[in-house]
Amino acid sequence: MNTKDSIKYKVKKQLFNLNRDRSFSTQTPQAFRFNDLYHLSIKQKAKIQDEATLFIENNLKVKFIKGENSNSKITYKEDINTNKTFVGIGFDIHRLIKGKKLYLGGLNVPFHSGLKGHSDGDVIIHSIIDALLGAMRKKDIGTLFPDNKKKFRNIRSPKMLKPVIEMMSKNEFYINNVDINLICEQPKVSKYRDKIIKSLSKLLNIDISLINLKGKTVEKLGLIGKEKAIACEVICSISR
Ligand code: ZN
């Protein structure tokens, strides 16, 4: 494979340019007849970088096959862990009850009912938490905040999100994007979209351009259609 970088060659203190069209980076796997490779290897005293080097140094013919840049060679530890992207999915549903404030994405939305739950019932934040935990492969929201624990009763959801964001930065993850489906008949998502996204961007500490919020009604079907519940699903992508 021709190199992407232009290569300089240093002999003592003098630098030479290598013609990029005639320079090749060699990838793995490399294939050789075992007997030839074995006998050359046991004769070789100095350290070599790859099998092809061994054959070239012994003036033996090596046939090159065109490679791909996406086939990155693993030589050093950081070659394995860089730029890994993970995707997580989250889902949540809470029943709507009278006499409770409605919180969506950390925003207090004026409505006839609020979401019932151990916490403030914020389906958007709960789904985001599960999506982020999923992408990090760290189990789920129920494991992190067991609902039989008194100390989590009536907890505001941004408080539940905080340790997850801290876990992300501790593990050197950053968010690529968050895509949200809010499934409800009312309130109309279009009316609160910008405010909810702004609130989430603050809580997640990311730019608003990385968050997308879609509203989805259910043709007045079932509990959600009768405004007795609100559901949410989230997909997020993170990278290390
Ligand atoms: Zn929930």
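Asn 181 is found in strand β7, which spans residues 174–183; strands (E, at least two residues) and helices (H or I, at least four) are DSSP runs numbered from the N terminus. The model is a predicted one, in which local features need pLDDT of at least 70 and side-chain atom pairs count only at pLDDT 80 or more, while totals for chains, interfaces and linings use all residues. Residues are numbered from 1 along each chain as its sequence is written, and side-chain values use heavy atoms, with hydrogens and water left out.

With a relative accessible area of 18%, Asn 181 is buried, a class that covers values under 20%, with exposed over 50% and partly exposed in between (1.4 Å probe, protein chains only). Apart from neighbours within four places in sequence, Asn 181 is in contact with Lys 214, Ala 231, Cys 232 and Glu 233, contact being defined as heavy atoms within 4.5 Å. The side chains of Asn 181 and Lys 214 are joined by a polar contact of 3.1 Å. Such a contact is a pair of N or O atoms within 3.5 Å; within protein, one must be able to donate a hydrogen and the other to accept it, and residues adjacent in sequence count only if both atoms are side-chain atoms.

Lys 214 lies in strand β8 (residues 211–216) and is partly exposed, because its relative accessibility is 31%. A polar contact of 2.8 Å links the side chain of Lys 214 to that of Asp 179. Beyond four places in sequence, the contacts of Lys 214 comprise Asp 179, Ile 180, Asn 181, Leu 182, Val 189 and Arg 193.

Phe 173 is placed in the loop between α6 (157–170) and β7 and is buried, at 8% relative accessible area. The C-alpha atoms of Phe 173 and Ile 238 are separated by 6.3 Å, although the two residues are 65 residues apart along the chain. Ile 238 is also among the contacts of Phe 173 outside four places in sequence, which include Phe 86, Met 136 and Met 168.

Leu 96, in strand β3 (residues 85–97), counts as buried at 9% relative accessibility. Not counting residues up to four places away, Leu 96 touches several residues, including Leu 102, Phe 111, Glu 227 and Ile 230.

The zinc ion is coordinated by Asp 92 (OD), His 94 (NE2) and His 126 (ND1) at 2.0 to 2.1 Å, with the donor residues spaced D-x1-H-x31-H in sequence. Donors are N, O and S atoms within 2.8 Å of the metal (3.2 Å for Na, K and Ca); water is not among the atoms, so sites may look incomplete. Both Asp 92 and His 94 are buried.

The largest pocket has a volume of about 1000 Å³. On a 1 Å grid over the protein atoms alone, a pocket is an open set of points where a 1.4 Å probe fits, with protein on both sides within 12 Å along at least five of seven lines, and lining residues have an atom within 4 Å of a point. Grid points are joined across faces, edges and corners, and volume is the space filled by probe spheres set on the points. This pocket is lined by 27 residues, of which Thr 3, Ile 7, Phe 24, Ser 25 and Thr 26 lie nearest its centre. Helix α2 (residues 51–57) gives the most to the lining, with three residues. The second largest pocket, of about 480 Å³, has 20 lining residues, with Gln 30, Ala 31, Val 62, Lys 63 and Phe 64 nearest its centre.
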